[in-house]
Amino acid sequence: MQNTSYNALIVSETDHNTYSMKIQPRDIADLPQGDLLIRVHYSSLNYKDALSASGNRGVTRHYPHVPGIDAAGVIEESSSPLFNKGDQVIASGFDIGMNTSGGFGQFIRVPAEWAIPCPQNLTLRESMIYGTAGFTAAQSVKRLVDFPVIPENGKILVTGATGGVGSVAIALLKNLGYKVSAVSGKPEAENFLTQLGAAEIITRQQAADSSGKFLLKEKWAGVIDTVGGEILASAIKSTNYGGAVTCCGNAASPDLSLTVYPFILRGVSLLGIDSAKCPIHIREKIWQKLAGEWRIENLESLVTECKLPELPGFIERMLQGRQKGRVIVNLL
Ligand SMILES: NC(=O)c1ccc[n+]([C@@H]2O[C@H](COP(=O)([O-])OP(=O)(O)OC[C@H]3O[C@@H](n4cnc5c(N)ncnc54)[C@H](OP(=O)(O)O)[C@@H]3O)[C@@H](O)[C@H]2O)c1
C-alpha cells in the first residue's frame, strides 16, 4: 500500500475523567497485530461505543483509543487461509473497539476469528444497519423462538423500544407474527414504533412497578429487555406461567431487584444474551437469517447515516437516551 495514513475518531483523556473526541490521522503501521487488515466501509454506533467514547473504563482501559465495536469492509491484506484480499467481511464483537482499535477508523487489523464473510444477499452498508445491535436483537428473538415462545402464547414486551436493539427486535418479531408491546420513554416516537410493528406502546413509568409486590398480573408470553433495573424486574414479575425473558442490556440500570418467586412459582426463565463472544457457528447462522428469511424489508426506516465528523453529536444523543433507531458511519 502506498498511502498508509487514514482517519479515525480518536478519544483522548484530556484531564482526569475528562475525554475529548477528534478526527485525526493515524498510520496503519500503528494498528495491533492480526491476520486481517480491513479497509472499513461502514461502522455503526452502539451503546458500548458511547460508553467507550466517554471514558468508561469497564469498556476501554487505555486511551487514546478508537471506538467502534463493529465494522464492515473489504480485506486489504490477509495472512489467514480463511480469507483473501478483496473479500467482503463483517468484523464484530470480541475486543474490537474496546481495547483494540475499532470501526471508527478507516482501517482495522484483527484476528481472523473476529470476522465472518458478509452474507451474499446483504450489502456492507445493510450489515451495519443491523450491526451489533441488530445482531443482538436477532440473538434475543432466536432464544425466544427456540425456547419456544410461539405467537399464540401471547404478547411480547420489548423494552428500550426506540433504541438499536429494541427497534430491530420489534421489526423481527412483527415479521415472525408476534404481537409486540413496546416500552418507550419517547412519546414523539409513536409513529416510528407503530410503523416498525408495535401493536401497543407503554411508557417507562407504566412499565416500572414500584409497589414492591413479588409478583404482578401475568401479561407477557415473552420479553426482550435491553434496559435492566426496575423495568426488567417488573417485566419478569409480569411474565406468564412458563414464559421467557431475554436480558442483554443495562441502558437504565445494571441492578435487578427480585425475589425468586417468578422463577419458582411461575416457571419463568431468564435468558442471558451476549453478542461479543457468541461462537462463530451461531454468529454465521444469525447473520444468514438477517440476510435471508428474517430480513427486514424497510431497513432504511431504521437508519441515520453520518460521517466521522458528525459522530460525536450522535454519541452525545445516545448517552442522553435520545437516539432513535440505528446510526451508521460511512468511512468511504
Ligand atoms: N449483551 C450484548 O451483547 C449487547 C449487545 C448490544 C447491546 N447491548 C446493550 O443493550 C442495551 C441497548 O443497546 P442499544 O444499542 O439498543 O442502545 P440505544 O440505541 O442507546 O438504546 C437504548 C434505549 O433504551 C432506552 N433507555 C435509555 N435510557 C433509559 C433509562 N434510563 N430508562 C429506561 N429506558 C432507557 C431508550 O429507549 P426509549 O426511549 O424508547 O425508552 C434508548 O433508546 C445497552 O445497555 C447495550 O450495552 C448488549
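Because the model is predicted, local features need pLDDT of at least 70 and side-chain atom pairs count only at pLDDT 80 or more, while totals for chains, interfaces and linings use all residues. Residues are numbered from 1 along each chain as its sequence is written, and side-chain values use heavy atoms, with hydrogens and water left out.

Helices (H or I, at least four residues) and strands (E, at least two) are DSSP runs, numbered from the N terminus.

Particular atoms of the ligand can then be followed to the protein. An oxygen atom of the ligand lies 2.7 Å from a polar side-chain atom of Ser184. For Arg204, an N or O atom in the side chain is 2.9 Å from an oxygen atom of the ligand. At Cys248, a polar backbone atom is 3.0 Å from a nitrogen atom of the ligand. Taken alone, the ligand exposes 910 Å², of which the protein buries 88%; accessible areas come from the Shrake-Rupley method with a 1.4 Å probe, and for residues only the protein chains shown count as cover.

Attention now turns to strand S15 (residues 326-330). Five of its five residues are buried, so S15 is largely enclosed by the rest of the structure. Buried means under 20% relative accessible area, exposed over 50%, and partly exposed in between (1.4 Å probe, protein chains only). In a regular strand the side chains alternate between the two faces of the sheet. In S15, Arg326, Ile328 and Asn330 are buried on one side, and Val327 and Val329 are buried on the other.

Two strands pair with S15, where pairing requires that DSSP finds at least two bridges between the strands. Strand S3 (residues 36-44) pairs with S15 in the antiparallel sense over three bridges, and Ser43 stands opposite Val329. Strand S14 (residues 303-306) runs parallel to S15 and is joined to it by four bridges, with Val303 as the bridge partner of Arg326. Together with helix H9 (residues 311-319), S14 and S15 make a right-handed β-α-β unit; right-handed means that, with the strands pointing away from the viewer, the path from the first strand over the helix to the second runs clockwise.

S3 and S4 run antiparallel and are joined by seven bridges, one of which pairs Ile38 with Ile75. S4 also pairs with strand S5 (residues 88-92), in the antiparallel sense over five bridges, and Ala71 stands opposite Ala91.

Elsewhere, helix H6 (residues 229-237) has eight of its nine residues buried, so this helix is largely enclosed by the rest of the structure. Strand S11 (residues 220-225) contains Asp225, which is buried with a relative accessible area of 0%. Gly292, in the loop between helix H8 (280-291) and S14, counts as partly exposed at 30% relative accessibility.

Technical notes. Polar contact = N/O pair within 3.5 Å; in protein donor to acceptor, adjacent residues only side chain to side chain.
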